[in-house]
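Morning, everyone. I have one structure for you today, and I'll keep it short. Have a look at it first.

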Amino acid sequence: MLRVFVSVPPRRIQTGSWRYTEVSAVTEAIRGMKDITPDETPKWQFVERVFRQLVASYAYREIRMPVLEKTELFKRSIGEVTDIVEKEMYTFDDRNGDSLTLRPEGTAGCVRAGIERGLLHNQVQRLWYMGPMFRHERPQKGRYRQFHQLGVEVFGLAGPDIDAELILMTARFWEQLGVRDAVRLEINSLGTTEARAAYRDVLVEYFAAHQDALDADSQHRLHRNPLRILDSKNPDMQVLIAGAPKLTEHLDSESREHFARLCELLDAGNVAYRVNPRLVRGLDYYSRTVFEWITDQLGAQGTVCAGGRFDGLVDQLGGRATPASGFALGMERLVSVVGDHMVPGTDYLPHAYLVRIGASAEVRGLRLAEELRDELGELRLLSHCGGGSIKSQIKRADKSGAALALILGEDEAAAGTITVKYLREPRAQQVVEQDSLADFLRGEIREWQA
Ligand code: ATP
Ligand code: MG
């Protein structure tokens, strides 16, 4: 069979920083979904590690949910008239004809899991999760179609004390990541569902009186979900929005007290905040406390972490009424504000590179490498594969970033020794007995750590 291989350059024409014409090459990722390369993963791992320690220090427990859920779950929780449900979901019919959606956020799935697994009934749960989320948005810096969230949800606690705990937890996280000065906190209260319903009428009346000034999105939302108008990012709408009646003026007295107590607790915890009466959040399930941590370093994509209380959601999804509160933070945005200097730079480089020359050294080397790993849990050992001359293997060892080359030739294999060559220091090479190699390496690692 005659095969003709034609190499076709990707048909990609850059017209702006993120705007490309249709892309067809199979070697390109889906628009808005990006790889996290080995050079970038150390910073991700650092942030994830600090997060795991953080949640452990508050005694929260991890939950893992599937990335696919029934479409209906998101419609009923996030709300039909929201950006996410109207425009951003990756929804498809599976082979059974069921409508499924790649999760755009974690709360809905977490509540679903909590109800289904009986985690919420008469108990307090403090949970956390991390993982990919999917939204079909216009890709730009800090906004992707696959992105990653770290999230926390607490069930069974209604008071402002737990809201304060969540906010203090995030503040501690910024401290630990060295970004405390890069983010500021805004908080607000949305009141109860009933208070919001009353406010809704006031809001409709106000916006209806200014109908001509509403953009198409807001026209559409005026009667279906007027609160969403306050969320609009359209600059032309901002003056009108600024003049709208404030939700804080229509709060029920219990929510007012709840919010005042939260403010007191934040003061006691030394967390500075600004009350932003326009903060409503883009999802319908919130009630009472809402908050956002915002940075000025990422332009319009400034919200690094967002959360609040969602007391009605469990009930709304069919569980027994359970108060709940939580937050989610965007990894991509967070990683881009964390300074490179925070990340321990070289803890992924190998300590040693095992050079193996000849057939018998290959066999002995395979066993030796496993023995070393058995004895030295902290050792990062890269074993050469693919044969080649000593010169080419040493070259590879050098390129790997390893501190030492452990040379195992036919002579060493026969003599039960290994030749140790220092790749980063001007030190003479030494011959070490294979039997005492683990002790030798332990000493070297200790010296580097000191
Ligand atoms: P925004 O107002 O920026 O669209 P949002 O209100 O839609 O954010 P949430 O649904 O509350 O965001 O999600 C919580 C966090 O997840 C956000 O604060 C942000 O850090 C991150 N996030 C949300 N959407 C994206 C995205 N498309 N790409 C990257 N991160 C995102
Ligand atoms: Mg959004």
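Start with helix 4, residues 107-116. Helices here are DSSP runs of H or I, at least four residues, and strands are E runs of at least two, all numbered from the N terminus. Helix 4 is mostly covered: 7 of its 10 residues are buried. Buried means under 20% relative accessible area, with exposed over 50% and partly exposed in between, using a 1.4 Å probe and protein chains only. The buried ones are Thr-107, Ala-108, Gly-109, Cys-110, Val-111, Ala-113 and Gly-114.

What do the buried residues of helix 4 pack against? Strand 2 (68-70), helix 2 (71-78), strand 5 (125-134), strand 6 and helix 10 (313-316). Contact here means heavy atoms within 4.5 Å. Just after helix 4, Gly-118 has a positive phi, about 65°.

A word on the source. This is a predicted model: local features need pLDDT of at least 70, side-chain atom pairs count only at pLDDT 80 or more, and totals for chains, interfaces and linings use all residues. Residues are numbered from 1 along each chain as its sequence is written, chains are lettered from A and ligands numbered from 1 in written order, and side-chain values use heavy atoms, leaving out hydrogens and water.

Now the ligand. How many residues surround ligand 1? There are 17, and the closest are Arg-135, Glu-137, Arg-143, Arg-281 and Thr-303. To be near, a residue needs a heavy atom within 4 Å. By class, the shell has 7 nonpolar, 4 polar and 6 charged residues. Strand 6 (146-155), strand 10 (303-309) and strand 11 (324-330) each supply at least two shell residues. Strand 10 gives the most, with 4.

Distances next. A polar side-chain atom of Arg-135 sits 2.7 Å from a ligand 1 oxygen. For Arg-143, a side-chain N or O is 2.8 Å from an oxygen of ligand 1. Glu-137 has a polar side-chain atom 2.6 Å from a ligand 1 nitrogen. Taken alone, ligand 1 exposes 580 Å², and the protein buries 93% of that. Those areas are Shrake-Rupley, with a 1.4 Å probe.

Last stop: Asn-225, in the loop between helix 7 (216-221) and helix 8 (238-242). Buried or exposed? Asn-225 counts as buried, because its relative accessibility is 10%. Leaving aside neighbours within four places in sequence, Asn-225 is in contact with Val-81, Thr-82, Arg-200 and Asp-284. With the side chain of Asp-284, the Asn-225 side chain makes a polar contact at 3.1 Å. Polar contact means a pair of N or O atoms within 3.5 Å; within protein, one must be able to donate a hydrogen and the other to accept it, and residues adjacent in sequence count only if both atoms are side-chain atoms.

How values were computed:
Ala, Val, Leu, Ile, Met, Phe, Trp, Tyr, Cys and Pro count as nonpolar, Asp, Glu, Lys and Arg as charged, and the others, Gly among them, as polar.
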